[in-house]
Amino acid sequence: MLQKSPILQSTVKSLPFNWYFKETHFKKELKKIWSNEWVYACHENNIKKPLSYITLQIGQFNIIILREKGGQIRSYINTCNHRGSTLCKETEGTLKTALITCPYHQWSYNSTDGKLIKTSSFITPKNFDKSKLSLKKVNFKIWNGLIFINLSEKQTKWNLKSQFQDYDSIISKIQFEKFEVGHVWKKNINCNWKIFWENYSECLHCPNIHPELSDLVPIYSRRLMDIKEDPNWEEKIGHDDPKFSGGLRKGSETWSLNGSAQGKVIKELKNKKNFQGHIYITNWPSMFLAIFVDHVRVVRVLPIDHENTQVTAEWLFEKSTYDDKKYDKKNVIDFAIKVMLQDGEACELNQKGIYNPGISAGVLMPEEYEVKRFQDWVTKKIR
Ligand code: FES
Ligand SMILES: [Fe+2]
């Protein structure tokens, strides 16, 4: 049976503008969303070497994710038990020894189990119990090479299918864990984190914000993300022109500057039916996977505060592609950065406009059904 078009049948009100700049509202989201959901940290190979680490900032929270000397992943709250100083100051780095040493008064902790090893006081008081002062562990899950953390005290269970809002079995088939991280790119965007996701969720902005991308994916030039948004989409199946049937422009294979995938095809995509050149899989609130024929891009979204968001992209390549000196990674990396910068600018433009008096919310148009789905998700979570 043919699916119905997902577009909205009537105009609906969007979320109140003050949800995007009120600090008290952001605090509520930190508590109800960011402290409960699984949040993406990085690909395992980003901290490949023993003692390498990253830190994650989620609002005022800060978390360490490291590979201990034996090669296992560990995660701790980035707080010293002495008087609360931050332990690891950098966003990424390598510990000099197997100890995590506080930069303030030099208490040190074993990075493998978080145990307090030594303080800097010359006297140890009688009632001082070292064993009660270990680093606070953070619950984490490594799924297919991708590390997620969870700050909830409830020991939230990992559920793959509900985790990814648009679960597609292809993500269980592709062995991301065997992929190499070819590049990491970070950008702080002056917008609330929800503005990032809303922009991600529609293509009404595509032709004017992304001219190059709309040329590569012709249906985007019609402001549509997917063929099914067209009310008469059944008639367009198998249409000769990708402007109507979706997919990449003729002769192009991947999202890259020249459209070429340089002869690379991810093993598991070789026989994938109806693959139109890209699969996007969303994981609110913190990441999406973009799967292309020759590479995968993982984009992480973290709120710095109520009006600032950090976006991080990791480009994953099959080992053989990563090792191939003839394969020019910049072809895909630079194209995606161009698109992400365009989106970043649009998000900042959006954020700047919402403070003015006299207007307190926007409206969603039919094509913004994904924005509505996201807004409904947020609303439900913060209740
Ligand atoms: S706060 Fe860490 S040693 Fe004092
Ligand atoms: Fe965009």
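In α4, the buried residues are Trp193, Lys194, Ile195, Phe196, Trp197, Glu198 and Asn199. The model discussed here is predicted.

Student: What makes α4 largely enclosed by the rest of the structure?

Tutor: Being buried takes 20 or more other C-beta atoms within 10 Å of a residue's own. Seven of the eight residues of α4 (residues 193–200) are buried, so the helix is largely enclosed. Its buried residues pack against β12 (180–189), β15 (296–305), β16 (308–317), α9 (330–353) and α10 (369–382).

Student: Which residues have the most contacts inside the largest nonpolar core?

Tutor: Phe196 of α4 is one of them, along with Ala41, Ile64 and Ile65, in a core of 76 residues.

Student: How do you know that this core lies between domain 1 and domain 2?

Tutor: Domain 1 (1–36 + 164–383) and domain 2 (39–157) both give residues to the core, so it lies between them. The centres of the two domains, taken over C-alpha atoms, are separated by 32 Å. Their contact takes 23 residues from domain 1 and 17 residues from domain 2. On the domain 1 side, α1 (23–34), β12, β15 and β16 each supply at least two residues. The largest share of that side, six residues, comes from β15.

Student: What makes Gln262 partly exposed, and Asn274 exposed?

Tutor: Exposed means 12 or fewer C-beta neighbours, and partly exposed falls between that and the buried cut-off of 20. Gln262 has 17 inside 10 Å, so it counts as partly exposed. Asn274 has 6 inside 10 Å, so it counts as exposed. Gln262 lies in the loop between α7 (242–245) and β13, and Asn274 is also in the loop between α7 and β13.

Student: What is phi in Gln262 and in Asn274?

Tutor: Phi is near 50° in Gln262 and near 55° in Asn274. Most residues other than glycine have a negative phi. Both values are positive, in residues other than glycine.

Student: Where is there a cis peptide bond?

Tutor: A cis bond joins Trp284 and Pro285, with omega about 0°. Pro285 is in the loop between β13 (278–283) and β14 (287–292).

How values were computed: Residues numbered from 1 in each chain as written. Chains lettered and ligands numbered in written order. Predicted model: local features only at pLDDT ≥ 70, side-chain atom pairs only at ≥ 80, totals over all residues. Helix = DSSP H or I, 4+ residues; strand = E, 2+ residues; numbered from the N terminus. Contact = placed C-beta atoms within 7 Å. Core = buried A, V, L, I, M, F, W, Y, C linked by C-beta atoms within 7 Å. Domains from an automatic or database assignment.
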